[in-house]
Amino acid sequence: MTPLKKTAIAMAVAQLAVLSTGAAFAQTTTNTDQAPLDESKVVVVSGQRAALQSAQKIKQDADEVVDSIVADDIGKLPDRSVTEVLQRVVGVSIDRTMAKGDPEHYSVEGSGVTIRGLSYVRSELNGRDSFSANGGRSLNFEDVPPELMAGVDVYKNPSAEQIEGGIGGLVNLRTAMPFDYKGFKGAVSVQDTYSTLKKGKPSPSSSLMFSNRWNTGIGEVGALIDLAYSESATRTDAIQVNPYYPRTDIVEGKTVYVPNGIQWRTLEFNRKREGAYGALQWRPSRDITTALTFFKSRYNLRWDEQAIFQQSSPYNMNVGSDATYDAAGNILTGTLTNTKDGGINMLTDTRTATRRSDTTEAAWNIQWRVTPALTLKSDLQRIRATTDSFDSTVALGMQIQKSYIDLTGSTPRIALDAADTARLTDPANYYWASTMEHLDKSEANETAWKLDGKYDFDHPVLRDFRFGVRLTQRDSLNTNSNPSYNWSAITQPWQVGWDVSGLAYLSDPRFAGAAAAHTFSNFFGGSASVPSAVLPDVGIATGYPATYAQLHTYHDILCQEQAAKQGWSTGCAAWKAAAFGTDPAGVNDQSEKTKAIYGQLRFGFDDLKYPIDGNLGLRYVKTDMTAHGYTVFTSSRPVIPPGYSVVGSPIPDIADFAQKQDFDNSYHNVLPSLNLRFKVTDKLQFRLAFAQAISRPDFSQLQAYTGLGQSVDSTSNATTNTVTVNSISQTGAASGNPMLTPVKANQIDFTGEWYFAPAGSFTFAIFNKRLRDIIINQLYNFQLTDVNGTPQNFTVTGPVNGAKGHARGIELAYQQYFDKLPGWASGIGVQANYTYVSSHQQLYKPVYQAYCTGGSGAANLNLNLNGCDTNGQTFGDLPLQGLSKNAFNLALMYDKGPVSARLAYNWRSKSLQGVNVSGTNGTDGTDSNPASATYGQQNVAWGLPTWADSYGQLDASIFYKINDNLSFGLEAQNLNDATFKQLMDQHSGMKGRAWFSSGPRYTAQLRYTF
């Protein structure tokens, strides 16, 4: 039994003892006095205006820098998802890609959250650690049913009593408790959402909540249960343009830039999400309160994508004389052909992906007022999160003769002639091209216990001293298929003539069926045209592995035909599915223990002309990590003919091995904090906050799998009977680095807050976060010992604590209802905020070079840090990822009588999404380095910086209160039918990479409270 489990059991026994004492006390004492409720946690049930007033009061009275959003009614946050709620908070932005590292798929509700431009965000549920099983450390906020939430708090500068781990900020999701209500309370809601782009049937949602409290012979008891169910059905259409390649053979004496392809995609997304929350509270005496809570959120989602890819070799593409170019040489319009390859390759694919996710938390809390001055709180928590996913793609191929592209409009346009349009709809022109599968499964568990104490002083300056201890044990197991995305050719043009006798055309009865013509109806709401095409049936993608095995027998048949024809065989190896759960390269197994203690003194100088109060604290935390992994070494040695001698560099003798290893890493952090508040008047105050903070590496960055290799470059001389060793390369690649330490920050905030009305305020904040030990992918040394005991240093590419930087900026926020306007106009209100953030990152070991060289390994230093263009040149001075310099929210509100309405616009400027990510990388860039031995060849690995362009979305809602219990409402998302655009950075200019359209969505809602 682990020490933490022993501690948890001991504390549970202690809590039972305290409760037994309290129960006995309750049997002999009439409990007429009740502890005062924390007003900041009372659910406000009188509409949008009162919710703003409650949130404003939380901010005004808080010890730290915090912004809050409170539910308008029971289970009624002002947006359709927690992620969309968070984007309304000043300083908070959301990412709209479906998954981290996948910029090719759009998330309608948003995904990742950044605070003040940083993704180092901690998530909590009722002040306790909460996370999803995704290899990270925080919740996927889109996983959480917003119907279960009473409010959301965003802390931006920590105090010592808060759990460490969020440099950007802390997001605390709050649920209601039975004692928040005076007695019985209930609420039920039903909703239906309709997507104008997807069409079809609406998506229903519902929620139900009951709460009550009773005075009994054993004290006061309360119970609450809250259930939520929702369906989400959306569609996203996408047009994507591939990166531009430099061409010197199209326009004489000039370099022009031409993309090697364009794509159309339609993705239909369906998710069912369920949530359950329960709470029991017991107050056996006025000095003891205990609570048991249970929270569960789970969802099942599936998305299906149909896509057409026009793509050919970038250096074989012909451009017609009708082409036009911009001043930098980028093609704008023109006719494309490819005579060398016999036509322009067209691929069509059907892709399906499913994911199941589940997060369950149980917690037991007890608060005991030991003496009038001393209060103790004990909290025991267990959380378990699981997720698993399957992703399958099956593709067909064919060729067209030419296409006309027009890149001058708001979205790219491609026109095909009648002959090619007809070819696209004829199954006989298609062949089975490829398959690709991906599987992953993750589980994360944590047991946490904390004890907090507060001692109140009877002193004119000292208010209380808070102290505590927290122990955690967390395990994370992430399993990925290996290869992660296992692309496998069925039949490809480049295989013909040596591996297969021909392509597996659907016109051949042996390979026919399982595909049909598909029409992209209502594409981009009818504003863009896409040709019909033949696509694989969805059942072929979902039928893995049996359907994959059947498709790959087509290759085997044609391979055997080719072997018979040429008299020799490539082996005609049968298709092999990706390994899952059996290859250590795909397994990331971690365990972590933390021990933290803190002390925090709260004080106040109330007798000053301008009173000052605040807190001064220190938190100490020790982290012990164990990563279970593998180290693999392979070598290639030259064959030494008999009688030859070896000259040149000696070759280290290291036997090949694959060794299971555990890596231990321990570190400790001391985190001081100071929060000051200066009260000029009851309505005007200023804050000054200092703190040191950390954010631990994600578990995905700590994977302990490293592949090492030794290769020898040698030449033989038959005249001298010698083998000369010219050079020895010792390199490797790491999936992660178990020796990483946290990112650290020194941060300062200065704020001004003017509260001129109960729901009216103007606030500003100036902040500066100085970061160090930022995790980047770079080179580091990994040491092995040869048979002679000599250490050998291998140059490994992987994550390291390799940079420092800063994020600094300002926040402005204003809200007001214009009560003095006459009549109905007195219900008008406005809410606005603006955020400016600037950032900079500086490598400890700068690797900037003007040119990129080589492949994706150790020699190409710039690839993951600065990015490499298709022309072989590198980029530099990139900002922190996910950071928009400018962002604002503007909302026009109305609350008067039975009507409550809001028109809200959210906007953020462009932000860096990633470097060297899927879709904008390759290995066929031109080596333009004059000093390179391969100058002019197309052999450079390249990866572009990709950006999310500026984006603004308009949402609206109106609710009518039919009576005190019943209300009806309408909500609209993306009323302006905004198109989300991605950009790709190239030396010939910033180009459009992708355009995503999801269309407006409308929701009707009926709510009843009792």
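**Figure 1. A network of salt bridges links Lys59, Asp67, Arg116, Lys156, Asp749 and Glu811.** The model shown here and in the other views is predicted. Side chains of opposite charge can pair when their charged atoms come close. The count for this model comes to 54 salt bridges. Six residues of the network are named in the title, among them Lys59 and Glu811.

**Figure 2. Arg49 and Asp819 form a salt bridge.** The closest N and O atoms of Arg49 and Asp819 are 2.1 Å apart. Arg49 belongs to helix 2, and Asp819 to the loop between strand 38 and strand 39, so the pair ties together parts that are 770 residues apart in sequence. How accessible are the two partners? Arg49 counts as partly exposed, at 25% relative accessibility. Asp819 is partly exposed too, with a relative accessible area of 43%.

**Figure 3. Asp72 pairs with Lys76 in a salt bridge.** Here the closest N and O atoms are 3.0 Å apart. Is Asp72 buried or exposed? Its relative accessible area is 9%, and a residue under 20% counts as buried, so Asp72 is buried. Lys76 counts as buried as well, at 12% relative accessibility.

**Figure 4. A salt bridge joins Arg902 to Asp79.** The closest N and O atoms of this pair are 3.2 Å apart. Arg902 is buried, with a relative accessible area of 10%. Asp79 also counts as buried, at 9% relative accessibility.

**Figure 5. The largest cavity holds about 540 Å³ of space.** Rolling a probe the size of a water molecule over the atoms shows where empty space is left. The model has 19 cavities of 30 Å³ or more. Which residues are closest to the centre of the largest cavity? They are Leu52, Ser68, Ile69, Gln815 and Gln831, out of 32 residues that line this cavity. Several elements give two or more residues to the lining. They are helix 2 (48-61), strand 1 (65-70), strand 37 (760-785), strand 38 (791-817), strand 39 (828-843), strand 40 (886-896) and strand 41 (899-908). Helix 2 gives the most, with six residues. By class, the lining has 18 nonpolar, nine polar and five charged residues.

**Figure 6. Eight side chains are shown in a nonpolar surface patch: Phe184, Val188, Leu208, Phe210, Ile225, Leu227, Tyr1008 and Phe1010.** The patch is about 630 Å². Which elements give two or more residues to the nonpolar patch? Strand 11 (203-216) and strand 12 (219-241) do. Tyr1008, one of the patch residues, is found in strand 50 (residues 1001-1009). Tyr1008 is partly exposed, and its relative accessible area is 37%.

**Figure 7. The peptide bond from Asn482 to Pro483 is cis.** Omega of this bond is near 0°. Where is Pro483 found? Pro483 lies in the loop between strand 25 (462-480) and strand 26 (486-489).

**Figure 8. Tyr544 and Pro545 are joined by a cis peptide bond.** Omega is about 5° here. Pro545 has its place in the loop between helix 5 (538-542) and helix 6 (546-566).

**Figure 9. Asn126 has a positive phi.** The value is near 55°, in a residue other than glycine. Asn126 lies in the loop between strand 6 (121-125) and strand 7 (128-129). At 26% relative accessibility, Asn126 is partly exposed.

**Figure 10. Asn522 has a positive phi.** Phi of Asn522 is near 55°, and this residue is other than glycine. The loop between strand 27 (515-518) and strand 28 (533-536) holds Asn522. Asn522 counts as partly exposed, at 26% relative accessibility.

Key:
Residues numbered from 1 in each chain as written. Predicted model: local features only at pLDDT ≥ 70, side-chain atom pairs only at ≥ 80, totals over all residues. Heavy atoms only, no water. Patch = residues over 30% accessible without salt bridge, like charges linked within 9 Å, V, L, I, M, F, W, Y side chains within 5 Å. Areas by Shrake-Rupley, 256 points an atom, 1.4 Å probe, with all protein chains shown as cover. Salt bridge = Lys/Arg side-chain N within 4 Å of Asp/Glu carboxyl O. Helix = DSSP H or I, 4+ residues; strand = E, 2+ residues; numbered from the N terminus. Buried < 20%, exposed > 50% of the residue type's maximum accessible area, 1.4 Å probe, protein only. 1 Å grid on protein atoms, 1.4 Å probe; cavity = no way out; pocket = protein on both sides within 12 Å on 5 of 7 lines; lining within 4 Å. Points joined across faces, edges and corners; volume = space filled by probe spheres on them. Nonpolar A, V, L, I, M, F, W, Y, C, P; charged D, E, K, R; others polar.
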